[in-house]
Amino acid sequence: MGDAGDAGAASGVAVVMRKNDRPVFRDPETGFERHMVSAAPGAGGAEMIVHYLAAQVSTGLLPAYPPGTEKQLVVLEGTLTVAIGGISETLNTGDSLFFQADADHGFANRTNAPCEYIMIISRRT
């Protein structure tokens, strides 16, 4: 199957990004990790990102994105608390969430176990 993906990439039909080639941001203070897994970030107006939050770690409050920016996420492991514009939602493994990202928002793992989630950020033009 790997050969088919390589052939598609070579022909310009597909874009492949290998795991070892992912751009990764690591916060040295909290251990928060952000892995860009979109093979072509921004193509089609969306990005896919895997986030890892260690136990008792928060991203803090993040600034609002421009109007028309949407986020969708699914929790792969653990429990995630999402704060959006003054409300809070707690999600467990398998739960998903959609929201307009044009309000301040943040993500927290308030448990003693790690949390992993996939996020899709899309922008309507």
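Rings of Phe, Tyr and Trp (its six-membered ring) count as a pair if their centres lie within 6.5 Å; planes under 30 degrees apart are called stacked, over 60 edge-to-face, and the rest tilted. By this rule the predicted model holds three aromatic pairs. The ring centres of F99 and F107 are 6.5 Å apart with planes at 50 degrees, so this pair is tilted. The pair of F107 and Y117 is likewise tilted, because its centres lie 5.7 Å apart and its planes meet at 35 degrees. F107 belongs to strand β9 (residues 105-109) and Y117 to strand β10 (residues 115-123), so their contact ties together parts that are 10 residues apart in sequence.

Burial (under 20% relative accessible area, 1.4 Å probe, protein chains only) applies to both F99 and F107. Y117 counts as buried at 0% relative accessibility.

Strands here are DSSP runs of E with at least two residues, numbered from the N terminus, and two strands pair if DSSP finds at least two bridges between them. β1 (residues 24-26) and β2 (residues 33-36) pair in the antiparallel sense over three bridges, with R26 bridged to E33. Six residues separate these strands in a hairpin, where G31 has a positive phi of about 85 degrees. β2 also runs antiparallel to β3 (residues 46-53), joined by four bridges.

Residues are numbered from 1 along each chain as its sequence is written. Local features need pLDDT of at least 70 and side-chain atom pairs 80 or more, while totals for chains, interfaces and linings use all residues, and side-chain values use heavy atoms, without hydrogens and water.

Conventions. Buried means under 20% relative accessible area, exposed over 50%, partly exposed in between (1.4 Å probe, protein chains only).
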